[in-house]
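I opened the model today with a notebook beside me. Here is what I looked up, in the order I went.

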Amino acid sequence: MEITSQNNIRKLKSLIHNASSALITTHVNADGDAIGSSLALALLLKKAGKEVLIITPNDFPEFLHWLPAQELISVDMKNPGKTKLWTEKADLVFCVDYNEPKRLKQAENQVMSSKGPKILIDHHPFPADFADLSISVTRLGSTAELIYYIIHELDLQHLIDKDIADCLFTGIMTDTGCFSYSSSYPEVFNVTAELLKYGINKDLI
């Protein structure tokens, strides 16, 4: 299904093509959707040849530490210097799974000061007007599902592998409460069915 305008996709494709490094940021007290979405996007960008770092304002739950590519995550509270370095060097800043900068807590000022274009990818209602490119789809149950659609609209679905599928499935499971809410539409089941084809262990997740 078409999830955003073709104009947005063209802009995003151009920004990614012209970037060497991408900073991915997500909200304080990150949950499975925030971490899963961020890791999936990071792994995809790395496979596309980009240098990538994810910044979380604070620690995230240990039960998410099994997800792949943990080494790509930097906790701002523990390493603000790394946040500063990356906000100064990043060609792109992705704002994943949050609708306003204050959800970055103490990392807000540093991240928002970056000269790199800000790209919002989120499903929460009432997004603030702070991004250079906003892909906000509030009817979806998770940002992970939104990332899945964006990957396809960018024609990068050939880069999806088991690790990316693990991360996306985790995000969908988290924000739909294992389909107990925010999932009363057929497309979310189509997406999870596709992710299962990558050999993920849904019971483990």
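**Entry 1: the sheet**

I began with phenylalanine 94, which stands opposite isoleucine 119 in E5. A note on provenance: this is a predicted model, where local features need pLDDT of at least 70, side-chain atom pairs count only at pLDDT 80 or more, and totals for chains, interfaces and linings use all residues. Residues are numbered from 1 along each chain as its sequence is written, and side-chain values use heavy atoms, with hydrogens and water left out.

My labels are DSSP runs numbered from the N terminus: helices are H or I with at least four residues, strands are E with at least two. Strand E4 (residues 92–96) and strand E5 (residues 118–122) pair in the parallel sense over 4 bridges; two strands pair if DSSP finds at least two bridges between them. I also found 4 bridges joining E5 to E6, again running parallel, with isoleucine 121 opposite isoleucine 135 in E6.

Which order do the strands take? I read E3-E2-E1-E4-E5-E6, an open sheet of 6 strands with parallel pairing. Strand E3 (73–75) and strand E6 (133–136) are the edge strands, each pairing on one side only. From one strand to the next, the twist averages 20 degrees.

**Entry 2: strand E5**

Is E5 enclosed or open? I see that 5 of the 5 residues of E5 are buried, so this strand is largely enclosed by the rest of the structure. Buried means under 20% relative accessible area, exposed over 50%, and partly exposed in between (1.4 Å probe, protein chains only). Lys118, Leu120 and Asp122 point one way from E5, while Ile119 and Ile121 point the other way.

**Entry 3: H5 and H7**

I turned to helix H5 (residues 143–153) and helix H7 (residues 187–196), which pack at an angle of about 70 degrees with their axes 11 Å apart. That makes H5 roughly perpendicular to H7 (the class covers 65 to 115 degrees). Axes are lines fitted to C-alpha atoms, for helices over the stretch in contact, and angles run from 0 to 180 degrees between N-to-C directions.

Which residues meet here? Glu145, Tyr148 and Tyr149 in H5 meet Glu187, Val188, Val191, Glu194 and Leu195 in H7, contact being heavy atoms within 4.5 Å.

**Entry 4: the cores**

I checked the largest nonpolar core next: of its 57 residues, Leu12, Ile24, Phe94, Leu168 and Leu195 touch the most other members. Such a core is a set of buried Ala, Val, Leu, Ile, Met, Phe, Trp, Tyr and Cys residues joined through side-chain atoms within 4.5 Å. Helix H2 (residues 32–47) gives the largest share of this core, 9 residues. Another core, of 14 residues, lies apart from it and has Leu53, Val93, Val111 and Leu120 among its members.

Leaving aside neighbours within four places in sequence, leucine 195 is in contact with Tyr148, Ala165, Leu168, Phe169, Ile172 and Ile200.

**Entry 5: methionine 173**

My last stop was methionine 173, in helix H6 (residues 162–175). Methionine 173 is buried, with a relative accessible area of 13%. Not counting residues up to four places away in sequence, methionine 173 touches Cys178, Phe179 and Ile205. I also noted that methionine 173 and lysine 202 are 29 residues apart in sequence and 9.4 Å apart in space, C-alpha to C-alpha.

Notes
Parallel < 35°, antiparallel > 145°, perpendicular 65-115°, else oblique.
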